[in-house]
Amino acid sequence: MIAVIAGGTFREVLRDRLWLVLLGFGFVLLAASRILTPLALGEGPRITVDLGLSAVGGLGLLVVTVVGAGLVHQEIDRRTVHVVLARPVSRATYLIGKWMGLTLAVWTTGAITGVALIAVTLAVRGTAAAVSVTQAVVLTELSFVPLTALAVLFSSLSTPILSSLYTLCLYALGFWTADMRSFAKTLASPLRETLTGASYALPNLDLFNARLAVAHAEAVPLVQMGVAALYAACYATAVIALAAVAFDRREFK
Amino acid sequence: MKGNGQSARREAKVRTSRPESGRDGLAAAVVAAGLGKTFRHPWTLRTKVAVDALSLTVERGEIFGLLGPNGAGKTTTLKMLLGLIRPTAGQAWLLGRPVGTPASRRDVGYLPENPYFFDRLTAREFLVFSGQLAGLAAGDARTRADAWLERLGLADRARTPLRKFSKGMVQRVGLAHALLTDPELVFLDEPMSGLDPLGRREFRDLILECRERGATVVFSSHILPDVELLCDRVCVLAGGRVARAGSLDELLAGDEGGAEVVVRGEGPLLLPPRLAGVSHVPRGQHLLLTVPHAALVDPALAHLLEKGFSIVSVTPRRRSLESVVVEAAEQARPERPAAAAPRAERPRRRAG
């Protein structure tokens with residue numbers, strides 16, 4: 001049942017004209033990274049990879065916030081959710097299906113631009129760099145897992161604009177969790193505990209950052225990849241569980 | 001009227017335990033016991049009673065009509081039965097299973113009011129998706145989707161995205177969605193809206209087919225002639241409560257009696273004093289007589305024949321379903337305080 005809902009969601013997202021526009025925008029960014037190379041004073045290949053990785057991450061984020069953050073809300077608004085929930089489908093199953101479908105769509109988006117970036121890297125920086133870029137792309141794809149879960153949580157509770165805003169805020173804060181914890185240590189109780197707790201509640205997106213390894217064309221340690229994958233799965237599970245509890249209380253008038 | 005009131009009271013008897021088995025040892029298709037829904041505004045905390053202590057039983061194999069004015073609670077009732085809205089009071093069972101669980105929606109089809117489906121999917125994709133959600137295997141869902149699209153004259157639009165469909169076509173897809181799995185219980189919320197006369201007849205035939213195969217159909221409608229044609233029993237909701245419930249014969253058998261007589265003949269019609277109360281108006285080439293009481297029908301016919309008029313038709317007068325619904329709505333309307341001016345009056349709003 002989850003697969004059916006995920007499949008339907010995946011198809012819906014990929015047929016959204018907005019998705020095509022965003023994908024086109026992603027390719028423009030990738031092309032721009034190549035065009036800017038001559039201005040980089042010998043750092044051209046590195047600029048290409050840096051900008052390319054930013055394009056993959058940014059594009060995925062755009063798909064999550066623009067398309068994903070309205071996903072459940074739109075279904076409630078248009079009442080298509082009635083069609084699904086009037087079938088023998090639990091609300092939790094519905095949400096898990098929506099999250100999986102959205103994640104799959106975001107992964108597909110990242111995969112399309114990621115493959116293009118890997119091909120370009122292979123051409124301009126060689127095999128070792130291409131391997132580390134591949135790993136960085138995989139980590140970027142994994143970073144979308146908690147983000148899509150957050151988007152589904154907000155979308156099931158709020159309007160698309162607010163959901164986008166919340167998701168973007170948490171994305172931005174997600175890169176500051178380590179700094180938040182360091183800063184919390186300088187504070188007095190109970191502010192210290194509150195900030196530390198908040199930093200753990202936020203998605204730790206630094207775990208998915210492989211820019212340093214890519215800059216030196218080094219392989220990302222497999223342990224980091226495994227920890228990141230495990231963290232993404234656990235965080236998303238917790239968020240979706242929370243969303244399911246909240247969604248269970250909703251009325252569909 | 002007395003019988004109707006008793007019937008409604010009988011329906012209103014509240015169950016507190018799991019419903020017992022009905023005919024054929026199977027639980028009734030739908031049992032609602034004291035079902036209620038009160039909405040509370042999240043900011044103002046004002047409450048709005050949409051459904052109040054609703055109790056009804058729909059036996060298997062029936063076509064059951066839910067009637068009532070706008071805001072009577074029909075859609076809210078259907079949504080509570082389907083688990084889309086949580087009741088604030090009472091309990092209900094579908095095919096013997098408590099509502100609110102996914103299992104209660106097994107073998108259940110639903111056509112929502114003013115349906116809106118996934119508009120980026122084609123009609124076929126949507127029906128296959130819907131069938132798989134109901135538990136069909138992909139291959140079976142595809143076969144059934146094709147058969148239903150063919151049946152409803154949409155085979156040539158099977159691969160057209162739903163956003164390009166007209167309202168009537170969407171309604172047909174919605175009916176196919178509701179009936180795709182040959183469910184034992186079908187809920188249709190305003191199924192005839194947006195349909196042309198041909199479509200309405202087609203829908204009526206499909207609803208009757210459901211009964212022929214033993215399925216139960218519960219539908220809400222404002223198109224009362226369709227209800228009269230289709231329903232075995234109806235429940236009239238007004239102000240969120242069961243105002244009338246029973247078979248059409250029970251509800252429509254009134255104290256009006258009498259008949260409408262159409263006659264053809266020459267010359268003016270003069271009625272003797274013993275036929276006081278009988279009125280007549282010209283209708284084309286004929287005269288239409290309204291005989292207000294059953295006791296006057298025979299003397300009136302005898303008089304007409306004696307005066308050389310030919311009888312074209314005699315139609316017994318029955319209460320119309322419309323008058324039953326209107327009467328129920330009037331009775332459910334809150335009484336106006338005698339001193340209150342109309343401008344000061346604030347109508348009670350109820351969710352539909």
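**Entry 1. A buried phenylalanine in chain A**

I began with F10(A), which counts as buried because it has 20 C-beta neighbours inside 10 Å. I took a residue as buried if 20 or more other C-beta atoms lie within 10 Å of its own, exposed if 12 or fewer, and partly exposed in between, with C-beta atoms placed from the backbone. The model is predicted, and local features need pLDDT of at least 70, side-chain atom pairs count only at pLDDT 80 or more, and totals for chains, interfaces and linings use all residues. Residues are numbered from 1 along each chain as its sequence is written, and chains are lettered from A and ligands numbered from 1 in the order in which they are written.

I placed F10(A) in helix 1 (residues 2–14) of chain A. Helices (H or I, at least four residues) and strands (E, at least two) are DSSP runs, numbered from the N terminus. Leaving out residues up to four places away in sequence, I found that F10(A) touches G101(A), L104(A) and A105(A). Here a contact is a pair of residues whose C-beta atoms, placed from the backbone, lie within 7 Å. I also looked up T103(A): its C-alpha atom is separated by 8.4 Å from that of F10(A), although the two are 93 residues apart along the chain.

**Entry 2. Helix 6 of chain A**

I checked the length of helix 6 (residues 91–125) of chain A, whose 35 residues should span 51 Å at 1.5 Å a residue; the end C-alpha atoms are 48 Å apart, which agrees. The expected span is 1.5 Å times one less than the number of residues. After helix 6 of chain A comes G126(A), with a positive phi near 90°.

**Entry 3. Chain B as a whole**

I recorded 10 helices and 14 strands in chain B. Of its 352 residues, 42% are buried. Among contacts in chain B between residues at least 6 apart in sequence, 71% join residues at least 24 apart. Chain B is divided into domain 1 (2–252) and domain 2 (259–316), with bounds from an automatic or database domain assignment. I noted 44 Å between the centres of domain 1 and domain 2 of chain B, taken over C-alpha atoms.

**Entry 4. The open sheet of chain B**

I traced an open sheet of 4 strands in chain B, in the order 2-1-4-5, with antiparallel pairing. Strand 2 (47–58) and strand 5 (97–98) of chain B stand at the edges with a single partner strand each, so one side of each has no neighbour in the sheet. Helix 2 (residues 74–81) of chain B packs on the sheet and touches strand 1, strand 2 and strand 4 of chain B; its direction makes about 65° with that of strand 2 of chain B. Axes are lines fitted to C-alpha atoms, for helices over the stretch in contact, and angles run from 0 to 180 degrees between N-to-C directions.

Strand 1 (residues 30–40) and strand 4 (residues 89–94) of chain B run antiparallel and are joined by 5 bridges. Two strands pair if DSSP finds at least two bridges between them. I picked out A33(B), whose bridge partner in strand 4 of chain B is Q91(B).

**Entry 5. Strand 8 of chain B**

I found 5 of the 5 residues of strand 8 (residues 216–220) of chain B buried. Both faces are covered, with T216(B), V218(B) and S220(B) on one side and V217(B) and F219(B) on the other. Strand 3 (residues 63–67) of chain B runs parallel to strand 8 of chain B and is joined to it by 4 bridges; G65(B) has F219(B) as its bridge partner. Strand 7 (residues 185–189) of chain B is also parallel to strand 8 of chain B, with 5 bridges, and D189(B) stands opposite S220(B).

**Entry 6. A hairpin in chain B**

I counted 6 bridges between strand 9 (residues 233–238) and strand 10 (residues 241–247) of chain B, which run antiparallel. The hairpin of strand 9 and strand 10 of chain B has 2 residues between the strands, and G239(B) takes a positive phi near 60° there. In strand 10 of chain B, R244(B) stands opposite V236(B).

**Entry 7. Where the chains meet**

Conventions. Contact = placed C-beta atoms within 7 Å.
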